[in-house]
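I opened the model to look up a few things. These are my notes, in the order I took them.

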Amino acid sequence: MSRPVILTCALTGAGDTTGKSEHVPVTPEQIAADAIAAARAGASVVHIHVRDVETGQGSRDDALYREVVRIVGESDVDPVINLTAGMGGDLFVDPSNPTTHLPGTDLVSGLERLSHVEELRPEMCTIDCGSLNFGEGSQLYVSTPDMLREGAARIRELGVKPEMEIFDTGQLWFANVMVEEGLFAPPPLYQLCMGIPYGAPADTGLLHAMVNMLPEGAEFTSFALGRNQMKWVAQSVLLGGHVRVGLEDNLYLSKGVKATNAQLVERAAGIIGDLGEAVATPDEAREILQIERGGSNR
């Protein structure tokens, strides 16, 4: 008997990708249209960031989230809605004067990062489980243990299912501590994020080791960037997990061929089927993750 595999589509992210592909959605209408198309292609979950409609850069504007959720909610599909709560952690440090924040810094409290989650009460949201040197230069992502405990407690109070974003093994260690402390309703859901400089590299042996660190009863999904995206679909399924694809992490269907979100979902669904498993329906995803419709996950 086949196992239902949750297939998440991460639609747009916050990276500087809009100039690299015409398929990256920017406006609420475009993001919602891609969510609907991804769901029709088989996505169980749609992971949503929003972007400033003028600049195309990532945004924390609650009104933009509200519009995306409204359009998807009025459509003929019913994917699990997973809103990012990772925006607001970006710190650019002047290396010659580290107490000075450089342009590009968007740093707010852990609770302020949840303002749209407070209002919209989606079925799921993300929580980024630690701080990280984010690529070259002087950018940091800031998410301290105090911020995380406070945010996790509030997410549980709101009845929203958290997806723990894990970018290295130390973050996984601390996520396990939070699970032990009872901050997450069972089953805990881990997203193992591979290949983001300078977090966990996209190494299959490391993925296997991270899966072995998960507590009993946990659910996990994983992804890797760029050309490793579809390889990670197979790796994750073979290790008993779920999968994520989408333009947030990869812009290409094959070398030189730019993808749409729906095409990436279709490709991933084919890999899942070829491995003898089945793509979970949205309701099967809710059952696996113990999500009650409307987001009551206390």
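**Strand S16 and its partners**

I began with a bridge: serine 222 has valine 243 in S16 as its bridge partner. The model is a predicted one, and I kept that in mind throughout.

I then looked at the pairing behind that bridge. Strand S15 (residues 219-224) runs parallel to S16, and two bridges join the pair. I traced the chain between them. S15, helix H7 (residues 229-238) and S16 form a β-α-β unit, and its hand is right.

Next I checked the side chains of S16, which spans residues 242-245. His242 and Arg244 point one way, Val243 and Val245 the other. Are they buried or exposed? I found all of them buried.

I looked for a further partner of S16. Strand S2 (residues 7-10) pairs with S16 in the parallel sense, over three bridges. In this pairing, cysteine 9 has valine 245 as its bridge partner.

I stayed with cysteine 9. Cysteine 9 also stands opposite valine 46 in S3. S2 and S3 are parallel and share three bridges. The chain gets from S2 to S3 by way of helix H1 (residues 28-41), in a right-handed β-α-β crossover.

What covers did I find on S3, residues 45-48? Both faces are covered. Val45 and His47 lie on one side, Val46 and Ile48 on the other, and all are buried.

I followed S3 to another neighbour. Strand S6 (residues 80-83) pairs with S3 in the parallel sense over four bridges. Histidine 47 stands opposite asparagine 82 there.

**Confidence**

I looked up the pLDDT. The protein has a mean of 96, and 98% of its residues reach 70 or more.

**Cavities**

How many cavities of 30 Å³ or more does the structure hold? I noted two.

I asked which elements contribute. Strand S10 (124-128) and helix H4 (145-158) each supply at least two lining residues. H4 gives the largest share, four residues. By type, I noted seven nonpolar, four polar and two charged residues in the lining of the largest cavity.

The second largest cavity has a volume of about 50 Å³. I listed its lining: Ile6, Thr8, Val45, Met124, Glu163, Leu189, Thr221, His242 and Leu289. Five of these residues are nonpolar, three polar and one charged. Two names were already in my notes. Val45 is one of the buried residues of S3, and His242 is one of the buried residues of S16.

**Glutamine 263**

Glutamine 263 sits in helix H8 (residues 261-274). Why did I write it down as partly exposed? Buried requires under 20% relative accessible area and exposed over 50%. Glutamine 263 has 32%, so it is partly exposed.

I also took one distance. Between glutamine 263 and leucine 206 there are 28 Å in space, C-alpha to C-alpha, and the two are 57 residues apart in sequence.

Note on methods:
Residues are numbered from 1 along each chain as its sequence is written. This is a predicted model: local features need pLDDT of at least 70, side-chain atom pairs count only at pLDDT 80 or more; totals for chains, interfaces and linings use all residues. Side-chain values use heavy atoms; hydrogens and water are left out. Buried means under 20% relative accessible area, exposed over 50%, partly exposed in between (1.4 Å probe, protein chains only). Two strands pair if DSSP finds at least two bridges between them. A crossover is right-handed if, with the strands pointing away from the viewer, the path from the first strand over the helix to the second runs clockwise. pLDDT is the predictor's confidence in each residue, from 0 to 100. On a 1 Å grid over the protein atoms alone, a cavity is a set of points where a 1.4 Å probe fits but cannot get out, and a pocket is an open set with protein on both sides within 12 Å along at least five of seven lines; lining residues have an atom within 4 Å of a point. Grid points are joined across faces, edges and corners, and a volume is the space filled by probe spheres set on the points. Ala, Val, Leu, Ile, Met, Phe, Trp, Tyr, Cys and Pro count as nonpolar, Asp, Glu, Lys and Arg as charged, and the others, Gly among them, as polar.
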